[in-house]
Amino acid sequence: MILKGTPVSEGVALGGVYVYLPFLADVKESYCPEGEKKGHVERFLESRRKAIAKLAAVREGLAEEEAKIFDAHEDILNDEVMEEEIVELIQIHNYSGDWAIHTVYEKYASLLKGVKDPLIRERAADMIDARDQLLSFWSGGARPSLSKLKAPAIVAARDLFPLDTATLDRDNVLAIVTEAGGGTTSHAAIIARSRGIPAVLGVPRLMESVTDGQTAAVDAFGGELVLDPSPEEREFYQKRLDGWLAVRKENREFMAVEAKTADGWRIDIGLNVSSAEDEEVAGAAYCDSVGLFRTEFLYMGRSAPPSEAEQVSVYEKILTVFNPRPVILRTLDIGGDKTAECLDLPREDNPFLGVRGLRLCFSNPDLFLTQLRAALRASVSGQLWLMLPMVGSLDDIRLAKKYIAEAKAGLAGDGYPMADNVKIGVMIEIPSLAMVSDMVAQEVDFASLGSNDLCQYSCAADRQNAPAAGYYQPYHPGMFRLMGYAISAFSKAGKPISICGEMGGDPLAAAVLIGLGLRKLSLGLSSVGAMKRFLSTLTVPQAEELARTVQGLPTAADVQTYLREALADKSLPVQAAG
Ligand code: PEP
Ligand code: MG
């Protein structure tokens, strides 16, 4: 059986399937002492509130039709009769909170299971699902993770949160296949790509088709999942796998070389990271800087935000490893597809257009100041470049600077030393800001092109929404004109500008950007070798010719076809991201 989805991270895998299921409740009969009843009721209500918020966040990442699947979950979690029964079991019958939740949900689930109408019977599964969500929050939001698999496997899941992907077992996950999702710049896709894990997302009917332990092949070039491959198919995919591994090995040999074009221009290669873990900082051996530290990942999968002290130690670690090379530490960019349960955020209808990133920090000054204080305290350990995400105007920059000044004043008052050369920069990812890059360059020390968001906001296509994927066009000539404008504004001002969106790791796009004057790219570690190899085959005049031409081509498809042809003789990966 062959299933099709969207390939978002190239590669091939062959092996057994591991079906990743969410939390499985393991609750035993138990009772609570008189004095603890109130606490158990409060903990139940709090768990329910968090489960509802999480559900809302999950639904936001889905197409309308898919989101409807969760209507039943929402109704169940909000059900007042069940709430009353749970509270009564705790208060009158001394049940512990989790036992009360389990008992009431089981009661209704078995009632539903007994009904003849199959549609109503299906609601029993929703009931169990909703119960497990609730119980996972009851037990502190602990949930299963992909961080340790027993053996190498192809992971099949309904959906993966950015956190699931960020913490997955690098040695044993052979590939990722999901039923939901599909955007090439969704954060699950970005992380899979930066770790070199083949991924195919948005595979319809995946979960009803796979079983745990089943043999499968994944071709994340063509977007195929082959279940129970025949001996001939196995042989075919094994050859593809060997071919892909050979190219990867060749690319890896380029990791340690200096990044230079064929005519000797030095290109600065930054690293995109989402933590300061050893595997991530190992990229220091091959890169000139950290071009993007997505600090929001520090806030995910926990019940309280990281303290100032905890953040200081993370930032100190990465600054020290890279010193004297710069570390671009991006301030918290929660929102869109990135949620943090510990932050208890209100639901928004259009989260990518809402109170995200810097805007969220402005509405939570304590959260923002804690992070700024931590970063500034760590600044003595290296070269700190602070970068602000989701900046739409000079007002945003000026307000952020006030917070930075406030954090500095507070730290000085508390007697903490700070480096005096901390740079302040912005992500250029909102078109309104890109269009005033000349003035932005007067206001900040550096900028980085956030092409993932710049594309979704310029093309008006949600980066997560698989059905809208055709409208999300990184190769749109308008994207190159816009980025070209920002690059020349910063170059004229003599201020550094780089790119840390996924286009920076895509040779076709990077070639055009170099032609537009960009000399700094920041990318995921797994793309570094291939990019250095590609650059060694490109000259700057060739890149300039590409840049001139693409800005005059009418459509994204024309640009892509032209670039593929014009660069056909260069060392390109089998399939460039886009
Ligand atoms: C971007 O938008 O291009 C970017 C690098 O940030 P993120 O993908 O985290 O939104
Ligand atoms: Mg962004």
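In this structure, a polar backbone atom of Asn-452 lies 2.8 Å from an oxygen atom of ligand 1; I call such a pair a polar contact, that is, N or O atoms within 3.5 Å. The protein covers 100% of the 290 Å² of accessible area that ligand 1 has on its own, by the Shrake-Rupley method with a 1.4 Å probe.

Before I continue, a word on the basis. This is a predicted model, in which local features need pLDDT of at least 70 and side-chain atom pairs count only at pLDDT 80 or more, while totals for chains, interfaces and linings use all residues. Residues are numbered from 1 along each chain as its sequence is written, chains are lettered from A and ligands numbered from 1 in the order in which they are written, and side-chain values use heavy atoms, with hydrogens and water left out.

Let me return to the ligand. A polar side-chain atom of Arg-294 is 2.8 Å from an oxygen atom of ligand 1, and for an N or O atom in the side chain of Glu-429 the distance to a ligand oxygen is 3.0 Å.

Which residues come nearest to ligand 1? Of the 17 residues around the ligand, they are Arg-294, Arg-330, Asn-452, Asp-453 and Arg-463; a residue belongs to this shell if one of its heavy atoms lies within 4 Å. By class, the shell has 4 nonpolar, 5 polar and 8 charged residues, where Asp, Glu, Lys and Arg count as charged, Ala, Val, Leu, Ile, Met, Phe, Trp, Tyr, Cys and Pro as nonpolar, and the others, Gly among them, as polar. The largest share, 3 residues, comes from helix H18. Helices are DSSP runs (H or I, at least four residues), as are strands (E, at least two), numbered from the N terminus.

Now to Arg-330, which is found in strand E11, residues 326-330. Is Arg-330 buried or exposed? Arg-330 counts as buried because its relative accessibility is 3%, the limit being under 20% with a 1.4 Å probe and protein chains only. Beyond four places in sequence, its contacts (heavy atoms within 4.5 Å) include Arg-294, Glu-296, Gln-371 and Met-427.

Finally, Met-483 sits in helix H19, residues 477-493. Met-483 is buried, at a relative accessible area of 0%. Not counting residues up to four places away, Met-483 touches Leu-449, Ser-451, Leu-454, Ile-499, Met-503 and Leu-513.

Definitions and conventions:
Buried means under 20% relative accessible area, exposed over 50%, partly exposed in between (1.4 Å probe, protein chains only). A polar contact is a pair of N or O atoms within 3.5 Å; within protein, one must be able to donate a hydrogen and the other to accept it, and residues adjacent in sequence count only if both atoms are side-chain atoms.
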